[in-house]
Amino acid sequence: MNQEVKRKVVSIERGLPGLRGTDHVGITVPDIEQATDFFVNVLGCEQFYDLGPFQATDDWMTKHLNVHPRTVMKKLRFFRCKNGSNYEVFEYEAPEQKTSPPLNSDVGGHHLALYVDNIEEAVDFLKSNKIKVLGEPTVRSEGPSAGQSWVYFLAPWGLQFELVSFPGGKGYEKDTSSRLWHPANRSFDQ
């Protein structure tokens with residue numbers, strides 16, 4: 001195998017060149033003002049800036065965003081939420097737009113997990129703000145997630161979120177010195 005081919009194989013095996021981490025998560029919502037109220041007043045995120053509207057008369061929207069060519073991106077808004085990825089929140093108007101979020105079991109299903117120091121306190125806060133919490137926190141007592149508590153909740157428009165807490169660490173940490181990234185271990189300002 002020549003040297004050039006070897007270099008290409010090595011870079012493919014290592015993954016995306018220059019990857020540092022997740023910059024943001026994009027979320028489409030039915031009403032950006034309702035979403036802003038939720039992200040700022042319930043979750044405690046900080047609103048940064050807006051862009052839009054955007055639309056095109058050609059096929060730009062399809063080529064670049066994989067949406068219907070006549071889609072209008074009414075507005076997008078960026079939020080920072082403590083120590084972790086930013087959120088880019090979109091409000092779209094599109095022909096044949098689906099308005100129900102997927103379930104976790106659907107292809108494309110997803111949830112956003114937020115680490116909290118005290119899960120019971122966070123659940124009480126959500127409930128006091130009339131946020132639907134799905135069941136009670138589940139506590140893991142064995143396996144690689146031992147020490148973790150979690151519970152799902154829904155944004156007002158149905159987007160699935162999860163609260164996660166493991167202040168004493170997780171079970172897998174006994175078997176390796178490697179660690180998953182954890183928002184409580186790094187301050188944004190460091």
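This is a predicted model: local features need pLDDT of at least 70, side-chain atom pairs count only at pLDDT 80 or more; totals for chains, interfaces and linings use all residues.
Leaving aside residues up to four places away in sequence, F39 touches I27, G44, C45, F79, Y87, V89, W157 and F161. F39 belongs to the largest nonpolar core, a set of 29 residues. Along with F39, the residues with the most contacts inside this core are F38, L43, Y87, F153, F161 and L163. At least two core residues come from each of α2 (32–42), β4 (86–93), β5, α4, β7 and β8. The top contributor is α2, which puts in five. As a rule, nonpolar side chains in soluble globular proteins tend to be buried together.

Now for the sheet. Four strands line up in the order β5-β8-β7-β6, giving an open sheet with mixed pairing. At the edges sit β5 (112–115) and β6 (132–139), each of which pairs on one side only. Going from one strand to the next, the twist averages 20°. The pairing of β5 with β8 (residues 160–165) is parallel and runs over four bridges. Within it, L114 has L163 of β8 as its bridge partner, and L163 turns up again among the residues with the most contacts inside the largest core.

Helix α4 (residues 119–128) packs on this sheet, where it touches β6, β7 (149–154) and β8. The directions of α4 and β6 make an angle of about 170°.

Key: Residues are numbered from 1 along each chain as its sequence is written. Side-chain values use heavy atoms; hydrogens and water are left out. Two strands pair if DSSP finds at least two bridges between them. Axes are lines fitted to C-alpha atoms, for helices over the stretch in contact, and angles run from 0 to 180 degrees between N-to-C directions. Contact means heavy atoms within 4.5 Å. A nonpolar core is a set of buried Ala, Val, Leu, Ile, Met, Phe, Trp, Tyr and Cys residues joined through side-chain atoms within 4.5 Å. Buried means under 20% relative accessible area, exposed over 50%, partly exposed in between (1.4 Å probe, protein chains only).
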